[in-house]
Amino acid sequence: MMILTRALSPVPRPSVATRAFFGGKARGRASLTPFPGNYDVMERQCREAVREAMDDGVELIELEFPPGGLELASGDLEGNVECNMLTLRLRGICAVFEEMKMAEYTRVLFPDKVEARLALTGSSPTPDGIRAPEQAEMKSVWKDWPGKIDYVDDPNLLSVSGLDKLLGKKVSIAKRMDSEDAAFVVAYPSANISEFANTRDLYEDCVKGTGRPLIVARGELQRYISNYYPPFWNAGEMGPLREFAAKFEGVYIIYNFKGSNPAVLFRRYPEPWQVLRRRRDGELELVHTFENFVSVKDVALNILPRFP
């Protein structure tokens, strides 16, 4: 895939923080990372970005990309298929913890107990003995993970109805964590608000200020930042969740814009954000870069119209 570039103003070298725990060091880049041509390249780029973010002491790391096709947008595939493919991609990305000799102390959390079990064992036979379609099956790609496999949410009558909060019976997910945990990876906590609320509890009660990173993959954080959930809806909970979502650093992001003049928002930490246009001949043209990200909505309304 060829990427064309327009004349762009020089990109300033990003300043970085350091942290002794991960052995970070300052550095600069001579050029921008090209958009990945396949998932092997994407996973490698993502591993490198995650490692650099941890070296720099980034506490909240966001990974957002389409798991079923690099040109797809969220919702293009059936939900279970997207989750299954994300489980596979995330295993390749989490190899970075094995490279860093810290996988044994990295806890990976799936949305609930069922998803955690499927990640370890793969799809179970259906009651009628008929296999599910191949693309809907989950492979047991996490069975060799040396660390702990856990879950974010355990839905029950009290939690689903919200009575656990009203009755003061909600138990923080942090109670299940260990002091030896060095990093936390949360996979697609986006099916309901409870999953992301529990992720916030994990941060507030276990991660914040400890120097341990919390990585969220496919959390669809833009739903909270862009008021996909109306501000007046459950305002007491949505306000803190919106603030929490806004704290994340977009460490590896691929967001596709569809339409007659499609575009891609791409970022590989610590580089600037890239806006690329998908041209009719299949080529990607870099039309803009910027440093300060506000939201995907802001890119759609204020940046894309300026760079057709």
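**Reading a pocket and its surroundings**

Me: Which elements each supply at least two residues of the lining of the largest pocket?

Reply: Four elements are to be named here, namely β2 (60-64), α8 (222-225), β7 (249-257) and α10 (296-303), and each of them supplies at least two residues of that lining. Please keep in mind as we go on that this is a predicted model. Among the elements of the lining, β7 gives the most, with 5 residues.

Me: How is such a space found, and what volume does the largest pocket have?

Reply: The general idea is that a probe the size of a water molecule, rolled over the atoms, shows where empty space is left. In this structure the largest pocket has a volume of about 410 Å³, and of the 23 residues that line it, E64, S74, E220, Q222 and Y255 are the closest to its centre. Sorted by class, the lining of this pocket has 12 nonpolar, 5 polar and 6 charged residues.

Me: Why is β7 described as largely enclosed, and which strands does it pair with?

Reply: To read burial, we ask how much of a residue's surface a probe can still reach, and a residue counts as buried when its relative accessible area is under 20%. In β7, 7 of the 9 residues are buried, so the strand is largely enclosed by the rest of the structure. As for its partners, β2 and β7 run parallel and are joined by 4 bridges, with I61 standing opposite E249 of β7. Strand β8 (residues 263-268) runs antiparallel to β7, and 6 bridges join the two; there, I253 has R267 as its bridge partner. The hairpin of β7 and β8 has 5 residues between the strands, and in this hairpin G259 takes a positive phi near 115 degrees.

Me: Where are positive phi values found in residues other than glycine?

Reply: Two cases can be described here, and they belong to the loop between β6 (214-217) and α8, where both R218 and E220 lie. R218 has a positive phi near 60 degrees, while the phi of E220 is about 50 degrees, although E220 is not a glycine. Both also count as buried, R218 at 7% relative accessibility and E220 with a relative accessible area of 17%.

Me: Which residues touch the most other members of the largest nonpolar core?

Reply: In this core of 46 residues, L63, F97, W142 and I254 touch the most other members, and helix α1 (residues 39-55) contributes the largest share, 7 residues. Apart from this core lies another, of 25 residues, among them L60, L214, Y229 and F248. If we take W142 and leave out residues up to four places away in sequence, we find that W142 touches T87, L90, R91, C94, V108, F110, A119, L120 and I149.

Me: Where is E71 found, and what is it in contact with?

Reply: E71 is found in the loop between β2 and α2, and with a relative accessible area of 43% this residue is partly exposed. Beyond its neighbours within four places in sequence, E71 is in contact with N256, K258 and R278. For the protein as a whole, residues 24 or more positions apart account for 69% of the contacts with a separation of 6 or more.

Me: Which residues does a cis peptide bond join?

Reply: The angle to read is omega, which is about 5 degrees at the cis peptide bond joining Y269 and P270. P270 has its place in the loop between β8 and β9 (273-278).

Note on methods: Residues are numbered from 1 along each chain as its sequence is written. This is a predicted model: local features need pLDDT of at least 70, side-chain atom pairs count only at pLDDT 80 or more; totals for chains, interfaces and linings use all residues. Side-chain values use heavy atoms; hydrogens and water are left out. On a 1 Å grid over the protein atoms alone, a cavity is a set of points where a 1.4 Å probe fits but cannot get out, and a pocket is an open set with protein on both sides within 12 Å along at least five of seven lines; lining residues have an atom within 4 Å of a point. Grid points are joined across faces, edges and corners, and a volume is the space filled by probe spheres set on the points. Ala, Val, Leu, Ile, Met, Phe, Trp, Tyr, Cys and Pro count as nonpolar, Asp, Glu, Lys and Arg as charged, and the others, Gly among them, as polar. Buried means under 20% relative accessible area, exposed over 50%, partly exposed in between (1.4 Å probe, protein chains only). Two strands pair if DSSP finds at least two bridges between them. A nonpolar core is a set of buried Ala, Val, Leu, Ile, Met, Phe, Trp, Tyr and Cys residues joined through side-chain atoms within 4.5 Å. Contact means heavy atoms within 4.5 Å.
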